[in-house]
Amino acid sequence: MELAAPRVVWVVDDSRLDVERARRVLARDYDVQTFDDGSAALEAVAAGANPDVIVLDWVMPGVSGVDVCRFLRATGPHTQKIGVLLLTVQRDTEQIVEGLSAGANDFLAKPFEDEELRARVASLLRTRDLVDGLERAQHENRKLLESAPDPFLVVDSSGQLTFANELALEILGTRSVLGLPIDELLPDLHLGHVELGPRETIVPLSDLELGAKRFSPTLRKTVEGNIVVALRDVTERRMLDERRLDFYSMIAHDLRTPLNAMTLRLYTMREAQRQGVSTNLERDLEKLDSRLHSLVELINDFLDLARLEGAAYRLARDEVDLHELMERVREDFAPLIERGQLDFVITPGEPRVSPPGDANRLLQVLTNLFGNAIKFTPAQGRIEVETSADERYVEVSVRDTGHGIEPAKQGKLFQRYSRAGHSEGGTGLGLLIVREIVEAHGGTVGVESRPGEGSRFWFRLPRVAGVQLRTDFAKP
């Protein structure tokens, strides 16, 4: 193991006898260097030498020990930490105060005892070690703050900003912030109203809005009495919370509507029976059956979305025959197509392609798109399903002759927890589910529509296995 270099102690005294005595006392523990006057010691400092401790005689011809102290403390940071022990025959209080005020750390009266000299030098070195340790800790803390993933600010006891990492400077919009009051930079932070007791470590505050982002501030008091302000970017989290609340409100509203209708219908039937009034029981049962189907659709959509957002769900990676899936879905909807006397045409592209993906999930995509087209196409209307492909992608489009969608609503159709006119009568989740599945396959979705001229919904999938697919439905 490599041994640490010995600590360096300078002895500066114009008395050769005193210099030799001090050297002899200290040499067994330290690397001792001697100087016979203050100017020689200052020249060595100016040349770059940096001892750990200087033992200085107060009274010397030319440059005195007090003069050396003043020079060391005024030279720069590298000399500020040098421990200075003044050897003096002065015992007057005013003179001792003068020496300490000039920058001396301690004094020792001449003639001194050997053990006392050794103890006072050791004490100065311990102080030096403590200061070095504190500076290293501050340096490491500063490095951590500078490299932290969140904006960090440090505020001193007077409320002025003493440190800001790069992320903090970015959100403040300027680099000229050090020394400014924190209340001026972040007036909504309200540090003046916060009391940090000795046992408190972290105190959260209300969110701050800075530009287009929201931050959650937390405070921590350091041992030096400064306050570290951490700003966690919670913009996306708050947005998701708001959307989640909107989603729950939508669930409650959509479930309440058919339940209220069913409750009212049952009440009407019971009242009619109680009063002996003849009613059209078949019509009422059809209404109840319709509402029950609406509830089942609602619940299925909610469960589908929950499965898609679950971390455990994974996509299959099989070759999918899209034409076969289209025919299956058309068969499922055959009764509705016949009832509406719809002209439902499927035109497969040539050659037929089988993109990689999950057949069950792509079946769900086609079911949602076909179902919407049938729902919003008037009787004797036309629905055209076409497939086209190039070297990279295969595209499926579903065109209907329905009432169309207003331009302002088209951009919201595929958004999370949003609902536009085309999905009235449902949960508003069908097209969201379509987007989630298609994007998980590495594809895209879109809509083209004009009011009164029908709509064209399309989705595009990578047609080659080399295209990377997402394996889960993590939120984008």
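**Salt bridges across the chain**

Author: Lys 213 has a relative accessibility of 42% and so counts as partly exposed, a class lying between buried (under 20% relative accessible area) and exposed (over 50%), computed with a 1.4 Å probe on protein chains only. The model is predicted, so that local features need pLDDT of at least 70 and side-chain atom pairs count only at pLDDT 80 or more, while totals for chains, interfaces and linings use all residues. Residues are numbered from 1 along each chain as its sequence is written, and side-chain values use heavy atoms, leaving out hydrogens and water.

Lys 213 forms a salt bridge (a side-chain nitrogen of Lys or Arg within 4 Å of a carboxyl oxygen of Asp or Glu) with Asp 233, the closest N and O atoms being 3.6 Å apart. This pair links distant parts of the chain, since Asp 233 belongs to strand β11 (residues 227-233) and Lys 213 to strand β10 (residues 213-221), 20 residues apart; strands are DSSP runs of E with at least two residues, numbered from the N terminus. Asp 233 is partly exposed as well, at 32% relative accessible area.

In another pair, Arg 460 and Glu 395 approach to 2.6 Å between their closest N and O atoms, and they join strand β18 (residues 455-462) to strand β16 (residues 393-400) across 65 residues. Here Arg 460 is partly exposed at 27%, whereas Glu 395 is buried at 15%. Elsewhere, salt bridges that share partners join Arg 7, Asp 52, Lys 81, Arg 128, Asp 129 and Asp 132 into one network.

How values were computed:
Helix = DSSP H or I, 4+ residues; strand = E, 2+ residues; numbered from the N terminus.
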